[in-house]
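Colleague: Please put the model up. I have questions about its chains and some of its residues.

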Amino acid sequence: MSTQTIPPNGRASYNFPDGKGKFGIYGGKYVPETLISALDQLEKLYAQMKFDKEFQNELNALQKEYNGRPTPLTFAKRLTEYFGKAKIYLKREDLCHTGAHKLNNALGQILLAKKLGKTRIIAETGAGQHGVATATVCAKFGLKCVVYMGEVDIERQKLNVFRMRMLGAEVVPVKSGSKTLKDATNEAIRDWVTNVSDTHYIIGSVVGPHPYPMLVRDFQSVIGEEAKEQISGYEKKLPDYIVACVGGGSNAMGIFYPFINDEKVKLIGVEAGGYGLNSGKHCATLTLGEPGIFQGMKTYLLQDQYGQISEVHSISAGLDYPGVGPEHSLLKDIHRVEYFSVTDDEALDATLLLSKLEGILPALETAHAIAHLNILLPQTNKNEIVIVNISGRGDKDLNTIINKIGDKIL
Amino acid sequence: MTKISSHIEKINQSDRKALSIFLTAGFPTKENFVELALSVLENGADMLEIGIPFSDPLADGPTIQRSSQAALENGVNMKDVFSFCEQIKSKTDKPLILMGYANPIIKYGTKNFCEDAVGNGGAGLIVPDVPIDEYESFYTNDFKDFEKILLTTPASSDERIKEIDQKSEGFVYCVSVTGTTGARSNFDKNVLENLGRTYSLVTKNKMLIGFGISSPENIKTFAPFCDGVIVGSAVIKKINEDYKALPEFVRSLSYACNDK
Ligand SMILES: Cc1ncc(COP(=O)(O)O)c(C=O)c1O
């Protein structure tokens, strides 16, 4: 047996969250007392189901027959030629049923909700992708579905609002605060505090109180597990870089997590830089935020000098959030993941780039990850490999894209 | 006995339930807040809960959310809250309790927060987004001079209620219903059963009931199951709808707190 060398920062034993739901100092259960028993119940059930063959078989079957997994890992030939450096592969979560990675998590959670005997499901949504995923699983399993969505997002993601309503969900417009994802999340938590006895809250990202950040990460990890197997098959080695956009951080955690102990694989998260880091109007939480407590978790936050949560901005509704999953806060502090940001305009350009070179129209969220290739690729060389997580497709964003850069296209 | 619990005990001994009134700091205006608070005390409140405004108050219903937002728009910050406390405390012996979400407190710095809050007359502290599960990580030694008031809810198991009672100081804040703050008109039988259950499990502390209480009738209904009541949203609503009638409203609540 070889002796195990412990890499710097104690990462050999990466095993989070701990028994109290903490990722280092981050995470936890900072919620009103009313929710604790529901969280404890969920945690207990999940601890059993994680190793329950029947549950895992049922979930795997749904991922395969209903969601369309495994999703392909596509070699991006023309994008690779465009940069003339490392080989670029795309992990195609845009090909999941409903058009984004969000369904991976919604499927897992609806099975848990059924086991808990809950009859009513609530969710928050920004881009509408998580709302659509939740409405979809509720339709499939015959549960009542209520989705909270900020008024600003209802306007910019109209198509998804129609989709949710067609799927039988009630979409509740949220008028408080910045009328975006953070406010929709507040309202969903208030609903849950009120209706906790019959309601399960399907959180859409690796955020909120324990056990959600862990549970959503685990359900999304299928992305990274598949990618690992696929790239090992194609290239007989692991990638050098993995790039993903970070809103709450679920598609990023999903693709990063199975590689966390592969020290040589560099993990890169890309946040929304909005109008630019100096504009005060961005969502670069890990780049410019500070630790605080918000929506059930301790994590990096964008906040003012008094600890009030900032009004943030991103062109992409799914990244327009002043917090981030607590595990990302830990991964930043221990330098296992590096975080960057790109602006609205850079993301829009990247949307066109991927469309024209690869025939793939990415979601505006995803476009942030692609835009970062402009920074990353020049630093790479030809025998290196980059995987980009294509978290979702961009049909939902056509309104925004036409409004912003319609003249460039027409 | 602590400062707050002995105050409640004295009130109970004079055949009365304690009446605690919640006000959002700096609402409806910064200028008249101290005057408003003193008038509430003069008209029969036995203690005051002063809400520290927060941008995202997720345990609160629409009434207190809006008052919190209005206070922030009035420019109220932590220093203002302490200045209100100091001014109120110079005119009364009744306890002041601060209620605030975790983030503004840690941003101010817990050590500074506690020194400034206690230094300006704050006796108790309620943080609705810190349950006992986070007690150790949040309530460090910095908070030693505060009476940390913890909450129970209908969803709390018997065991948790006992643990909450053990850890709480000043009193136990019994949340009457599952839900956010907000005035309600009726409470069903389950609510009363649960209050009875909770009251019998809270043995170390005094117990005050809050959330949803909107009238003297509600107070009469709850009186057998508590040592006092907390009224928040109904008072904020009265301020919004009929400011001049507030003293009379508080008097009616206070009158209902007298046994008989
Ligand atoms: C396509 C897509 N990518 C990314 C995100 C951001 O979420 P997360 O960071 O949790 O992956 C969203 C959220 O709505 C999305 O729809």
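Colleague: Is A:Thr98 buried or exposed?
Modeller: This is a predicted model, where local features need pLDDT of at least 70, side-chain atom pairs count only at pLDDT 80 or more, and totals for chains, interfaces and linings use all residues. Residues are numbered from 1 along each chain as its sequence is written, chains are lettered from A and ligands numbered from 1 in the order written, and side-chain values use heavy atoms, with hydrogens and water left out. Buried means under 20% relative accessible area, exposed over 50%, and partly exposed in between, with a 1.4 Å probe and protein chains only. A:Thr98 has a relative accessible area of 6%, so it is buried.

Colleague: Where does A:Thr98 lie, and what is its phi?
Modeller: A:Thr98 sits in the loop between strand E4 (87-92) and helix H4 (102-115) of chain A. Helices (H or I, at least four residues) and strands (E, at least two) are DSSP runs, numbered from the N terminus. Most residues other than glycine have a negative phi. A:Thr98 is not a glycine, yet its phi is positive, at about 75°.

Colleague: Which loop of chain B holds B:Asp15, and what is the phi of B:Asp15?
Modeller: The loop runs between helix H1 (3-13) and strand E1 (18-24) of chain B. B:Asp15 is not a glycine, but its phi is positive, at about 55°.

Colleague: Is the peptide bond from A:Phe16 to A:Pro17 cis or trans?
Modeller: A:Pro17 is in the segment before strand E1 (22-23) of chain A. Most peptide bonds are trans. The bond from A:Phe16 to A:Pro17 has omega near 5°, and is cis.

Colleague: What is omega for the peptide bond from A:Arg69 to A:Pro70?
Modeller: A:Pro70 is found in the loop between helix H2 (53-65) and strand E3 (73-75) of chain A. The bond from A:Arg69 to A:Pro70 is cis, with omega near 0°.

Colleague: Which residues does A:Thr366 touch, not counting residues up to four places away in sequence?
Modeller: A:Thr366 belongs to helix H15 (residues 364-371) of chain A. Its relative accessibility is 0%, so A:Thr366 counts as buried. Contact means heavy atoms within 4.5 Å. On that basis A:Thr366 touches A:Cys245, A:Asn389, A:Ile390, A:Ser391 and A:Gly392.

Colleague: How many Å separate the C-alpha atoms of A:Ile268 and A:Glu338?
Modeller: A:Ile268 is in strand E10 (residues 266-272) of chain A, and is buried at a relative accessible area of 4%. Leaving aside neighbours within four places in sequence, its contacts include A:Val243, A:Phe256, A:Glu338 and A:His372. A:Ile268 and A:Glu338 are 70 residues apart along the chain, and their C-alpha atoms are separated by 5.0 Å.

Colleague: Which residues of H1(A) are buried?
Modeller: Helix H1 (residues 36-49) of chain A has 14 residues. From first C-alpha to last, H1 of chain A reaches 20 Å, close to the 20 Å expected at 1.5 Å a residue; the expected span is 1.5 Å times one less than the number of residues. The buried residues of H1(A) are A:Ile36, A:Ala38, A:Leu39, A:Leu42, A:Leu45, A:Tyr46 and A:Met49.

Colleague: What is the radius of gyration of chain A?
Modeller: Chain A has 17 helices and 14 strands. For its 410 residues the globule rule gives 22 Å, and the value for chain A is close to that, so chain A is as compact as a globular protein of that length. The radius is taken over C-alpha atoms, and the rule is 2.2 Å times the number of residues to the power 0.38. For chain A the radius of gyration is 20 Å.

Colleague: What percentage of the 410 residues in chain A is buried?
Modeller: The C-alpha atoms of chain A fill a box of roughly 65 × 55 × 50 Å along the principal axes. Among contacts in chain A with a separation of 6 or more, 74% are between residues 24 or more positions apart. The buried share of chain A is 64%.

Colleague: And what is the radius of gyration of chain B?
Modeller: Chain B has 12 helices and nine strands. The globule rule gives 18 Å for 260 residues, and chain B comes close, so it is as compact as a globular protein of that length. Of those 260 residues, 62% count as buried. The radius of gyration of chain B is 17 Å.
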